[in-house]
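Thanks for asking me to look at this one.

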Amino acid sequence: MVVIPELPKVERLRRKIEPELRGRTIVGVATSTHNLRASLPQSRLQALKGSRFIGVRRRGKYLLLELDSQQAVLVHLGMTGQLVFRLGGDKHDHVIFELDAGLPLVFNDQRRFGMVLVFNNGDLATCPYLTRTGVEPLSAAFTPRYLWEHCQRRQRPIKNLIMDQSVVVGLGNIYANEALFGAGIRPTRPAGRLSPKRLRELVRHISICLRVGIDQENPLRFVYGRGDENCLVCDTPIVKVKMAGRSTFYCPRCQR
DNA sequence: CTTATGGCCTGTCAGC
DNA sequence: TGCTGACAGGCCATAA
């Protein structure tokens, strides 16, 4: 089973590549002719030669590869994107950073839902990809009160709301399903009809699910992808429905 | 303002 | 055997 790059996978990637990337200088850049979700900025990428990586930050599901030249490479993995240190050459390799030491850093993306862009540091503050985003779910800003305020007078299902990156970043379909199971909340429930107490439980379980995903490689799977199975807790058949075009799984007994 | 939907993209698999 | 269609997902643009 392929794990979609939600917050935990992106954070694990950040922790893995930062120590290898920091201090490395770009000596060459190769790109594919394919466009990703956004066009590959050819000339901007080529102009990075000579820049040195100084750090890797994460914002939601985005990675920022920071350079000593007051620029940064913004990366989103989309569905199937990968950042790996290896020799380039695969048909799905879209950006290859040749480094002054070690293996090249390759952005590979089979379905091309991801993107690679270059920004000047001064433009990051107004970059829509970063400014339109909600709070980090593992930060102190993601409080029960914060979620409650966003739920007030909202008719939309709670699952759609917690997957809305302008509210809280990093939750994709798998973690949204699992967090709602943990909190005992049915995904279809209108956000505005949840009590503060239940929303506090949801905040708690979002945090738990994400932390487990970061500590281990894979998310806990209680409901996601178990449409043909019974609930691990109460043995009731798991229900599968479509919400906003996404497969949604829940236990009709444990989740109300 | 809020919320929903279409489209992007390819690999996999069921069904004919 | 080879084809077709459905499906998987994040997120932007667009529409209601």
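1. A word on classes before we start: Ala, Val, Leu, Ile, Met, Phe, Trp, Tyr, Cys and Pro count as nonpolar, Asp, Glu, Lys and Arg as charged, and the others, Gly among them, as polar. With that sorting, the residues of the surface near DNA strand B divide into 5 charged, 4 polar and 2 nonpolar. Please keep in mind that this is a predicted model.

2. Who sits around the DNA? The residues around DNA strand B are Lys91, His92, Gln110, Arg111, Arg112, Phe113, Arg154, Gln155, Arg156, Pro157 and Asn160. Of the atoms of DNA strand B that come within 4 Å of the protein, 75% belong to sugar and phosphate.

3. An N or O atom in the side chain of Arg112 is 2.8 Å from a phosphate oxygen of DNA strand B. For Arg154 the corresponding distance to a phosphate oxygen is 2.9 Å, and for His92 it is 3.1 Å.

4. Now to the sheet. It is open, has 4 strands in the order E2-E3-E4-E8, and its pairing is antiparallel. Strand E2 (53-59) and strand E8 (115-120) form the edges, each pairing on one side only. From one strand to the next, the twist averages 20°.

5. Helix H1 (residues 7-21) packs on this sheet and touches E2 and E3. The direction of H1 makes about 175° with that of E2.

6. Finally, how many bridges join E2 and E3? The antiparallel pairing of E2 with strand E3 (residues 62-67) runs over 6 bridges. Within the pair, Arg57 stands opposite Leu64 in E3.

Note on methods. Residues are numbered from 1 along each chain as its sequence is written. Chains are lettered from A and ligands numbered from 1 in the order in which they are written. This is a predicted model: local features need pLDDT of at least 70, side-chain atom pairs count only at pLDDT 80 or more; totals for chains, interfaces and linings use all residues. Side-chain values use heavy atoms; hydrogens and water are left out. Two strands pair if DSSP finds at least two bridges between them. Helices (H or I, at least four residues) and strands (E, at least two) are DSSP runs, numbered from the N terminus. Axes are lines fitted to C-alpha atoms, for helices over the stretch in contact, and angles run from 0 to 180 degrees between N-to-C directions. Contact means heavy atoms within 4.5 Å. A residue is near a molecule or strand if one of its heavy atoms lies within 4 Å of it. A polar contact is a pair of N or O atoms within 3.5 Å; within protein, one must be able to donate a hydrogen and the other to accept it, and residues adjacent in sequence count only if both atoms are side-chain atoms.
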